[in-house]
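Subject: Structure handover

Hi,

Here is the structure for your work. Please open it alongside this email; notes on the disulfide and salt bridges follow below.

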Amino acid sequence: FRSSDTPFLGPVPAIDEQVDPTTASVFQPGVTVIDQDFELPRTWSFSAGIDRALSDNVAVTFNYQHARTDNLFRAIDRNAPQLGSPFTTGDNALGALTVIESSARSRYNGITVGLKGREAAAGLLTFEANYTLAFDRSDDDNERDPFTFFYADPSQLEPEYGWSIRDRRHRANGYFLFDLGNDLFVNNIIRFQSASPASESCGPHDGNPFAPPAGERAVAPADRTCADGSVLQRNTIRRDNEFFTWDIRVSKEFEFGNGRTIEPILEVFNLTGADNNLDTSQSGLLFNFDGTIRSGLGDTRRAQLGVRFRF
């Protein structure tokens with residue numbers, strides 16, 4: 001076929017002529033189908049926790065959570081060369097035969113330790129802090145992306161099971177509210193997340209001569225396929241997207257009688273000016289389905305002033 005909108009297929013013939021078959025290759029369309037054995041994802045999860053009072057004002061918590069999901073979506077080309085391209089001959093030849101299967105899985109284990117209390121020290125009104133050590137594995141992180149194959153080789157899916165792109169090994173959160181006297185309050189919020197994973201490249205070879213050098217981050221899943229045909233395990237290195245922020249709020253109330261108060265407020269976000277790089281799971285944002293809409297540096301240090309009047 002021909003189209004005036006796609007000139008790379010050749011010029012459109014005159015209305016009383018046909019396309020010359022001797023100069024045109026047969027068009028093999030890509031087809032997307034749902035596997036006949038497709039099942040919706042199923043998640044089993046459980047958690048167990050312990051709270052222990054250390055004093056009248058302070059308590060410690062310990063929590064363990066496990067979640068296992070099966071039948072996760074996976075898009076796979078069942079007409080790929082690695083599978084012998086079984087649907088590329090005959091009158092009904094196809095290009096990519098994308099099959100949406102439910103053959104992926106994920107496993108999550110997390111341990112959280114927390115500390116919370118009230119008036120545990122002079123000037124400290126309330127506080128809560130927690131730390132989570134988590135291990136998040138999966139063999140496909142397709143967030144319903146119809147454009148991307150996340151595997152390196154459809155005939156070797158075992159190396160796909162590794163750290164999920166959601167995996168953040170260490171997370172810490174805390175808030176601390178201080179009363180410095182004379183109705184002067186200082187509130188602190190601190191958040192930290194360690195870097196998420198990325199895949200390593202095997203280096204250039206005959207199948208992909210433009211792949212990044214060995215040991216560097218893979219740009220595409222095919223970069224994990226080595227010259228000997230083996231496939232590196234997915235997500236074995238980490239990105240440059242560690243996250244840290246310290247937000248602070250200072251406020252003071254002034255009373256004017258009859259229940260009326262005015263409260264100036266100063267808020268500073270990312271007090272330390274951390275870079276907090278936004279390193280996306282894919283090289284481009286146009287067809288990125290992981291929720292990322294920006295890349296590069298994160299939010300800089302910011303401040304705002306406000307006034308609250310109560311009457």
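Which residue does a disulfide join to Cys202? The partner is Cys226, with an S to S distance of 1.5 Å. Keep in mind that this is a predicted model.

**Disulfide**

The count comes to one disulfide. The Cys202–Cys226 pair links distant parts of the chain, 24 residues apart. Both cysteines sit in the loop between strand S9 (197-198) and strand S10 (237-238). Is Cys202 buried or exposed? Cys202 has a relative accessible area of 19%, so it is buried, given that the cut-off is under 20%. Cys226 is at 15% relative accessibility and also counts as buried.

**Salt bridges**

The structure holds 16 salt bridges. Here are some of them, one pair at a time.

Arg74 lies in strand S3 (residues 58-77). Asp139 lies in the loop between strand S5 (124-138) and strand S6 (162-163). The two are 65 residues apart in sequence, so the pair ties together those parts of the chain. Arg74 and Asp139 are both buried.

Next, Arg234 and Asp141. This salt bridge has an N to O distance of 2.6 Å. Arg234 is in the loop between S9 and S10, and Asp141 is in the loop between S5 and S6. They are 93 residues apart, and the pair links distant parts of the chain. How buried are the two partners? Arg234 is at 4% relative accessibility and counts as buried. Asp141 is buried too, with a relative accessible area of 3%.

Then Arg191 and Asp247. Their side chains meet at 3.9 Å, N to O. The cut-off for a salt bridge is within 4 Å, so this pair counts. Arg191 is in strand S8 (residues 184-193), and Asp247 is in strand S11 (residues 243-252). They are 56 residues apart. Arg191 counts as partly exposed, at 37% relative accessibility. Asp247 is buried, at 12% relative accessible area.

**Network**

Which residues do shared partners join into one network? They are Asp136, Asp141, Arg166 and Arg234. The Arg234–Asp141 salt bridge described above has both its residues in this network.

Best regards

Technical notes
Residues are numbered from 1 along each chain as its sequence is written. This is a predicted model: local features need pLDDT of at least 70, side-chain atom pairs count only at pLDDT 80 or more; totals for chains, interfaces and linings use all residues. Side-chain values use heavy atoms; hydrogens and water are left out. A disulfide is a pair of cysteine sulfur atoms within 2.5 Å. Helices (H or I, at least four residues) and strands (E, at least two) are DSSP runs, numbered from the N terminus. Buried means under 20% relative accessible area, exposed over 50%, partly exposed in between (1.4 Å probe, protein chains only).
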